[in-house]
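Have a look at the structure first, then read on.

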Amino acid sequence: NSINDHFRSKKNLFEIPDNLSADEENFEKNSQLANCILPFINCLPEIYKEALLLTEFRNFSQLELANQLGISYSGAKSRVQRAKVKLRELFEKCCTITSDQYGNIMDYYPNPKKNCC
């Protein structure tokens, strides 16, 4: 609680920089790639597609996913994790993606010679 109180008291001391163009550019790149997500999800095998659609778009918890699909909770967690890995592989197959240390997309370049789904 003391740590939380300390950071709450310091919260208003941070200034927002006047020039946010770099952040706006990163947001734009993330937004552009976000438009590609659904077509890539549709290319996944049905079990992974269903897991991602239910958890990421219909806000099912992984426990709710397990109950919906009649599988174990650990099986649902694994399925969602594998689906995310496969989705990332599809993106990386079609684009060269540069991320920062936190996984935020910094830049991307479509690979025109690659065969995407």
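Let's begin at Val80, which sits in helix 6. This is a predicted model, in which local features need pLDDT of at least 70 and side-chain atom pairs count only at pLDDT 80 or more, while totals for chains, interfaces and linings use all residues. Residues are numbered from 1 along each chain as its sequence is written, and side-chain values use heavy atoms, with hydrogens and water left out.

Val80 has a relative accessibility of 1%, so it counts as buried (buried means under 20% relative accessible area, exposed over 50%, partly exposed in between, with a 1.4 Å probe and protein chains only). Which residues does Val80 touch, leaving aside those up to four places away in sequence? They are Ala51, Thr55, Gln62 and Leu65, where contact means heavy atoms within 4.5 Å. Then there is Leu52: Val80 and Leu52 are 28 residues apart in sequence, yet their C-alpha atoms are 6.2 Å apart in space.

**The overall layout**

Zooming out, the protein has six helices and two strands. Helices (H or I, at least four residues) and strands (E, at least two) are DSSP runs, numbered from the N terminus. Along the sequence the pattern goes α-α-α-α-α-α-β-β. The protein has 117 residues, and 23% of them count as buried. Looking at contacts with a separation of 6 or more, 40% are between residues 24 or more positions apart.

Axes here are lines fitted to C-alpha atoms, for helices over the stretch in contact, and angles run from 0 to 180 degrees between N-to-C directions.

| Helix pair | Axes | Crossing angle |
|---|---|---|
| Helix 4 (residues 46-57) and helix 5 (residues 62-69) | within 10 Å | roughly 135° |
| Helix 5 and helix 6 | 8 Å apart | about 110° |
| Helix 4 and helix 6 | within 9 Å | roughly 105° |

Take helix 4 and helix 5, whose axes cross at roughly 135°. That angle makes helix 4 oblique to helix 5; under 35 degrees counts as roughly parallel, over 145 as roughly antiparallel, 65 to 115 as roughly perpendicular and the rest as oblique. The crossing of these two is right-handed (left-handed if the near helix is turned anticlockwise from the far one by less than a right angle, right-handed if clockwise). On the helix 4 side, Glu50, Ala51, Leu54 and Thr55 take part, and they meet Leu65, Gln68 and Leu69 in helix 5. By class, this contact of helix 4 with helix 5 has four nonpolar, two polar and one charged residues. Ala, Val, Leu, Ile, Met, Phe, Trp, Tyr, Cys and Pro count as nonpolar, Asp, Glu, Lys and Arg as charged, and the others, Gly among them, as polar.

Next come helix 5 and helix 6, which pack at about 110°. That makes helix 5 roughly perpendicular to helix 6. Helix 5 brings Gln62, Leu63, Leu65, Ala66 and Leu69, and helix 6 brings Tyr73, Ala76, Lys77, Arg79 and Val80. Sorted by class, the contact of helix 5 with helix 6 has seven nonpolar, one polar and two charged residues.

Helix 4 and helix 6 are also roughly perpendicular to each other. Here Ile47, Tyr48, Ala51, Leu52, Thr55 and Glu56 of helix 4 meet Arg79, Val80, Arg82, Ala83, Lys84, Lys86 and Leu87 of helix 6. The contact of helix 4 with helix 6 splits into seven nonpolar, one polar and five charged residues.

Most residues other than glycine have a negative phi. Asn59 is not a glycine, but it has a positive phi of about 60°. Where is Asn59 placed? It lies in the loop between helix 4 and helix 5, and with 63% relative accessibility it counts as exposed.

**A pair of rings**

The structure holds one aromatic pair. Phe40 and Phe91 form it, tilted, at 4.4 Å centre to centre with 35° between the planes. Rings of Phe, Tyr and Trp (its six-membered ring) pair if their centres lie within 6.5 Å; planes under 30 degrees apart count as stacked, over 60 as edge-to-face and the rest as tilted. The pair links distant parts of the chain, with Phe40 in helix 3 (residues 37-42) and Phe91 in helix 6 (residues 73-94), 51 residues apart. Phe40 is buried at 10% relative accessible area, and Phe91 counts as buried at 10% relative accessibility.
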